[in-house]
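Have the coordinates open as you read.

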Amino acid sequence: MTFVSAFNASKEQTELILRIFNELGNAMLIEERLMAAGTALASSGIAFALRYIRAAIEGGVELGFYPEEAQEIVVHTVKGSVDLLLEKKSNPEAEIDKVTTPGGITIKGLNEMELSGFTSSVIRGLKASK
C-alpha cells in the first residue's frame with residue numbers, strides 16, 4: 001500500500017499521482033497527518049500479520065500437525081480470509097459472525113484470545129509503531 005498526501009496539488013495532479021502509484025500496487029489518498037499511522041498499518045502491519053501466522057503455525061504443531069502441514073493450512077486460511085474481505089468489501093466482524101456458532105469451538109477460541117488481550121495487543125503494537 002502506498003499513501004499519497006496532496007496538500008497543495010490540484011485535482012488533476014492528485015489523480016495523476018494516484019494513477020501512477022496504482023500501477024505499482026494499491027495507493028490511497030490520505031491526509032498528511034495520517035502518514036505515520038498509515039505507515040504503521042501497512043509497513044509494521046506486515047510483520048504483525050506474519051507474527052499471527054507464525055503463532056498459528058506453532059499452535060498447529062501443538063495440535064499435532066507437522067510444521068509444514070500447519071503452515072500450509074494457516075497460510076491458505078489467511079489468504080482465504082483476505083480474499084473474502086477484498087471480494088465482499090465487508091466488515092471482518094460480519095464475516096466472523098458467519099462462521100461463529102453459539103456454543104461452538106470458534107467462539108470459545110475467540111473468547112480465549114480476547115481474554116489474553118489479542119485485540120488490545122494489536123492496537124498497542126500499532127500505536128507503538130507510529
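Predicted model: local features only at pLDDT ≥ 70, side-chain atom pairs only at ≥ 80, totals over all residues.

Residues are numbered from 1 along each chain as its sequence is written, and side-chain values use heavy atoms, with hydrogens and water left out.

Start with helix 2 (residues 35-62) and helix 3 (residues 67-88), whose axes come within 8 Å and cross at roughly 135°. That makes the pair oblique (the class left over once angles under 35 degrees, over 145 and from 65 to 115 are taken as roughly parallel, antiparallel and perpendicular). On the helix 2 side, Tyr52, Ile53, Ala56, Ile57, Gly60 and Val61 meet residues of helix 3 including Pro67, Ala70 and Val74; contact here means heavy atoms within 4.5 Å. By class, that contact has 10 nonpolar, two polar and no charged residues.

Now zoom in on the largest nonpolar core, made of Ile53, Ala56, Ile57, Ala70 and Val74. Its members are buried and joined through side-chain atoms within 4.5 Å, buried being under 20% relative accessible area with a 1.4 Å probe, protein chains only. Helix 2 gives the largest share, three residues. Beyond its neighbours within four places in sequence, Ile57 touches Pro67, Ala70, Gln71 and Val74.

Helix 2 also packs with helix 6 (residues 118-129), at about 140° with the axes 10 Å apart. Here Ala40, Leu41, Ser44, Phe48 and Tyr52 meet Phe118, Gly125, Leu126 and Ser129.

How values were computed:
Axes fitted to C-alpha atoms, helices over the stretch in contact; angles between N-to-C directions. Helix = DSSP H or I, 4+ residues; strand = E, 2+ residues; numbered from the N terminus. Nonpolar A, V, L, I, M, F, W, Y, C, P; charged D, E, K, R; others polar. Buried < 20%, exposed > 50% of the residue type's maximum accessible area, 1.4 Å probe, protein only.
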